[in-house]
Amino acid sequence: MSAAAEERGARAPWALTAPALMLFVGVLLIPLAMTVMLSFHDWGQYKGIEPVFILKNWREIATDPYYAEMFWRTFRIAILTTLLTALLGAPEAYILNRMSGRWKSFFLLVILGPLLISVVARTLGWALLFGGNNGLVNKLLMSLGAIRSPIPFMFTETGMVVALAHVMMPFMVLSVWAALQRLDPQIENAAMSLGAGPVTIIRRIIMPQIMPGVLSGAIIVFSLSASAFATPAIIGGRRLKVAATLAYDEFLNTLNWPLGAAVATLLLVALVLIVVGSNALIERRYAEVFR
Amino acid sequence: MAFLELDRVAKQFGATTVVDDFSLAVGKGEFISFLGPSGCGKTTTLQMIAGFLDPTSGAIRLEDKDLTAIHPAKRGLGIVFQSYALFPHMTAAENVAFGLEMRNVPRNERGERVRSALAMVGLAGYEDRHPRRMSGGQQQRVALARALVIKPSVLLLDEPLSNLDAKLREEMQIELRQIQRTIGTTTILVTHDQNEAMSLSDRIVVMSQGKIEQIGTPQETYERPASAFVSQFLGKTNDFAGTIDRTVAPGQLVAGSWSAPAPAGVSGPVTVSIRPERIGFGDAGLSAKIVTRIFQGNHWLFQCDSECGPAIVIRQNDGKAQPAEGEAVRLAWRPEDMSVRARAGA
């Protein structure tokens, strides 16, 4: 091959990916870089945004315990949501996988169906059921005399975790489902023939093999929950702010864009570190199952 | 007394009968093959012995105890699956040790038995390998070691060699037979490969459409097939239409221009089955024309057009001159080499 042809051959992949690359740079990298830069700008009630390079916003986040509390709440909610989806979603996927043909496709549709409905609508559903004195469930239970005051759900962390888990469940089920598809259909019979009971089979044979599925589902659910906006905004409101709702308020209510940008940047960096780190850990730990 | 006994076992899925009236007595230490095309019910029968399926009717007894009443985990049978079904998250040694762990075998003894089981299948030194890092043949050996290490009363093999290439399969056949002879475990092999069944087993159970066609030694089933299905399934065969004439004592069997004294029993229209390697070219007999002649190294294969329909003849390549394509020949065989059955529908 001539040098010119070789050069052309080396350039071809770049040329072919150029449109996608340009889109990627234009709508993702540049706005991201601008957000990061914005977080170093100054802001004042009357002077607005000043394009200077100062650490004021970052210092505020680092020193004011309000932000520490807010970030801690964000990740606490994300962790609890992840645990809840794993605890419910993994058995759900396992049971689903054992169902026979027609029931399997029906229940798969039931699980995936909610993905077709807007997150806002699904979360408002929870508000309709448990929203204070007018919530359907609360009304019913109070009229039956089962409870005296409405179940505290709105503006509580519990409520946010429950609603988020509901929204995120399909991702966990799908992820575990994919791992279950890789199982040898005879593997449970093999373990049984060697003398293992049902509990041992699940604990020693099934669990270790679907663990990568649970963990990759956990990464998806965790990162989506930590950056979720609609559900925390509706259930948590202004009282229980998380990183996403705080950034939104800084941008649109206080108009302190630089501070909002700093919050958003910190959330992004923390999430990337957590996701990349745990992904590397999982891949090393479960190398044999992934092969 | 039979060691393992299946007594009129049947299995139905809804309205379809998959296994019907299956009765078999297996002696201790015997190597039995269930042979048949896919969907003949052989795997279903194996799964009923293993306990993964319950028979619709009939009884399965092991040493006179009702096996169907025992949970599959407590039956103590060793099973090798077609897909091997190894535990991918465990090493070879951990796979083999699993059954011993379930039996609460002490750690030292466990290690000892795992090592000797892996050594027996030729995998000494592979203890710490994970199954996905092993070749198909090696995985197969781990599966065999895992099934044998628990000292099973019966070893069940579900098409264990079908995922291996031809050469490896032949090697494993020999090895499997040697291991089975050495440790003397009663073994049941499910296969659709007639060569595998014949080279491995003491007796073959030929199955078709859920029913037993014939039970016999490999030689019996090959030489004296009990039905047209058996003779067709086990190797190549020629079926000629003939008649037995009882008007002349002691009776005459006629197929085309070939004739012989009639065997006792059947009379009227019959089917004469004769293996291609038992037919010779002679001066008298069925007249035929050779259509194609194929040289296959140690033997010649002739496809002939005879007066009783197409015929195949196999002749040993013994250096003698063989008839050419298009040549007219006479096909003859010894009466004791054929099997004669009443012709159905005639």
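1. Secondary structure of chain B. Chain B carries 8 helices and 20 strands, where helices (H or I, at least four residues) and strands (E, at least two) are DSSP runs numbered from the N terminus. The model is predicted: local features need pLDDT of at least 70 and side-chain atom pairs count only at pLDDT 80 or more, whereas totals for chains, interfaces and linings use all residues. Residues are numbered from 1 along each chain as its sequence is written, and chains are lettered from A and ligands numbered from 1 in the order in which they are written.

2. Confidence. The average pLDDT (the predictor's confidence in each residue, from 0 to 100) of chain B is 91, and 99% of its residues score at least 70. For the complex, the predictor gives an ipTM of 0.83 and a pTM of 0.83.

3. Dimensions and burial of chain B. Along the principal axes, the C-alpha atoms of chain B fill a box of roughly 75 × 45 × 35 Å. Of its 346 residues, 39% count as buried, that is, 20 or more other C-beta atoms lie within 10 Å of the residue's own, with C-beta atoms placed from the backbone (exposed means 12 or fewer, partly exposed in between). Among contacts in chain B with a separation of 6 or more, 63% join residues 24 or more positions apart; a contact requires C-beta atoms, placed from the backbone, within 7 Å.

4. Nonpolar cores. A nonpolar core is a set of buried Ala, Val, Leu, Ile, Met, Phe, Trp, Tyr and Cys residues joined through C-beta atoms within 7 Å. The largest has 70 residues, and B:Val96, B:Leu118, B:Ala145, B:Leu156 and B:Ile188 have the most contacts inside it. Leaving aside neighbours within four places in sequence, the contacts of B:Leu118 include B:Ala92, B:Ala93, B:Val96 and B:Ala145. Another core, of 48 residues, lies apart from it and includes A:Phe153, A:Met154, A:Ala165 and A:Trp177.

5. Chain A. The secondary structure of chain A comes to 13 helices and 2 strands. Its C-alpha atoms fill a box of roughly 85 × 75 × 35 Å along the principal axes, and 31% of its 291 residues count as buried. Residues 24 or more positions apart make up 71% of the contacts in chain A with a separation of 6 or more.

6. Interface. The contact takes 17 residues from chain A and 19 residues from chain B. On the side of chain A that touches chain B, the elements giving two or more residues are α8 (187–193), α9 (198–226) and α13 (287–290) of chain A. The largest share, 5 residues, comes from α8(A).

Definitions and conventions: Contact = placed C-beta atoms within 7 Å.
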